[in-house]
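User: I'd like to learn how to read the features of a protein model. Please take me through them step by step.

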Amino acid sequence: MHLLAATPGAVEGGAAPVDRAQTPADLVVLSAADTELAALAEARAAMADPPGLRLASLAHLAHPLSVDLHLERCATRSRLVVARILGGAGYWRYGLAQYSARLHAAGVPFVALPGDDRPDAELRALSTVGDGDYAALWAFLVEGGAANAAGFLAHAKAMIAGTERPPGARPLLRAGVYWPGTGVSDLAGLRPAWVEGAPVVPVVFYRALLQGAGLAPVNQLVKALLRRGQNPLPVFVASLKDPVSQATLAGLFAAAPPAAILNCTAFAVASPDGGGGVDNPLTVNDAPVIQVVLSGGTEAAWAEGTRGLSATDIAMNVALPEVDGRILSRAVSFKGEAFFDAATECPITAYQARGDRVAFVAELAARWTRLRCTPAAARKVALVLANYPNRDGRLANGVGLDTPAATAHVLGLMAEAGYAVEGAPADGAGLMARLMAGPTNWLTDRAGREGGEVLPMAAYRAWFDAQDWEVRRQVTDRW
């Protein structure tokens, strides 16, 4: 006996059967890439005379019963089926076997395409269309982007109707400039929206977001930076280790030196073990590189979880980027069902930006650009040392490190660099003596110690009242 999930997408990982309940159409497209499905849905909506289209995520066709139901009710009654398989035939063995056999028996053309740009002889052998149509459909999806998504649908429509095929796919640059509403652009195309003399803040993101429909967080970052008087420079890259992408970044940064960089790509360029590797294209002009997290999880999981981001997000977007010395900001978007597209009978999953967190990151970038323009003597720098309870032996503690001596040394270096450092202790012992002269977490005689810093109540209230209601509630309840 099988139990079916009533809501598509509600079954985590597709481990249980899901009844997609889709009706037949001219064209059925199956893909594991949410951004690809979203791009095709957008392209269909923009076409004057689109083919009837059904879209389905392979995540919802992982169970054999899901495959059988979709074939019976939709695929075998449609006119053309395209499946894009990332990872080869082994990723979806039962599905491929059933779709190829049953569609062949029903006389429905079937196209099994690789999920990347590498040929797959096994997938080609399972397909029942000519080489020209196979290559054309594959090229449209490999290149990606709005124009190629529309070209894919137009080519499929021509195949179904038996008419002349439209022009082929348009190559999409491996790296380049992007602008909201314009698409692929260049520096000259951006400058009319810029303010003369304002700081340039590149927003570096993966080319895959441009290939699919994942640009919502990038678009919001661009708008938020403009509102704060910054000149945003959105740049898409295949990878920070890709030679073409590196050369593109180098050329753009030479023509428009960045004051700060918002980086939305994951991983690191440097090797975690400290070994040699590829040059980091972001370390130019001494600009601070601020890591922006585009979470692969849902907003609900982030909000309800005790550690916020998932282990995968933390590894890819927090831990590894620290190897490159990036400054962590916060997650500005999460993946979730944006809407149910009735025309394709498919829930569209996309990056959904959080406006308040986008605003925080844009403001953080603006403050870094202002700080870079501030003379060293006018900058305010805090060195934060540990003050563990309950004894002074834990003050400024760092396992295996001489933290007091290092702090005194840093203060000396800052004074040499022009920072306003007055009365700095000469060594670690002097620093510790000064710290312990004031109140610490050593409870025994803390009340009798004089000195330390006092935060006026008005300043505390101004800061506290600006926090989210939930933060204020938790603090108030705790105290």
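User: How are H14 and H15 oriented to each other: roughly parallel or roughly perpendicular?

Analyst: Two packed helices are described by the angle between their axes and the distance between the axes. Axes are lines fitted to C-alpha atoms, for helices over the stretch in contact, and angles run from 0 to 180 degrees between N-to-C directions. Angles under 35 degrees count as roughly parallel, over 145 as roughly antiparallel, 65 to 115 as roughly perpendicular and the rest as oblique. Here, helix H14 (residues 403–416) meets helix H15 (residues 428–437) at about 100°, with the axes 7 Å apart. H14 and H15 are therefore roughly perpendicular.

User: Which residues make the contact?

Analyst: Contact means heavy atoms within 4.5 Å. H14 supplies Pro404, Ala405, Thr407 and Ala408, and H15 supplies Gly428, Leu431 and Met432. By class, five are nonpolar, two polar and none charged. Ala, Val, Leu, Ile, Met, Phe, Trp, Tyr, Cys and Pro count as nonpolar, Asp, Glu, Lys and Arg as charged, and the others, Gly among them, as polar.

User: What sort of model is this, and how are residues numbered?

Analyst: The model is predicted: local features need pLDDT of at least 70, side-chain atom pairs count only at pLDDT 80 or more, and totals for chains, interfaces and linings use all residues. Numbering runs from 1 along each chain as its sequence is written, and side-chain values use heavy atoms, with hydrogens and water left out.

User: How many helices and strands are in the chain?

Analyst: Helices (H or I, at least four residues) and strands (E, at least two) are DSSP runs, numbered from the N terminus. The chain has 17 helices and 12 strands. Of its 479 residues, 42% count as buried. Buried means under 20% relative accessible area, exposed over 50%, partly exposed in between (1.4 Å probe, protein chains only).

User: How many aromatic pairs does the structure hold?

Analyst: Rings of Phe, Tyr and Trp (its six-membered ring) pair if their centres lie within 6.5 Å; planes under 30 degrees apart count as stacked, over 60 as edge-to-face and the rest as tilted. The structure holds eight such pairs. One of them, phenylalanine 205 with phenylalanine 236, is tilted, at 6.5 Å centre to centre and 50° between the planes. Phenylalanine 205 is in strand E7 (residues 200–206) and phenylalanine 236 in strand E8 (residues 231–237), so the pair ties together parts 31 residues apart in sequence. Trp92, Tyr99 and Phe110 form one aromatic cluster.

User: Where does the charged end of arginine 330 sit?

Analyst: A charge sits over a ring if NZ of Lys or CZ of Arg is within 6 Å of the ring centre and within 35 degrees of the ring normal. Arginine 330 has its charged end over the ring of phenylalanine 360, 3.4 Å from the centre. Lysine 335 lies over the face of tyrosine 351, 5.6 Å from the ring centre.

User: Which residues is glutamate 337 in contact with, neighbours within four places aside?

Analyst: They are Pro347, Ile348, Thr349 and Gln352. Glutamate 337 lies in strand E11 (residues 327–341). Its relative accessibility is 45%, so glutamate 337 counts as partly exposed.

User: What joins proline 389 and asparagine 390?

Analyst: A cis peptide bond, with omega about 5°. Asparagine 390 is in the loop between helix H13 (355–373) and H14.
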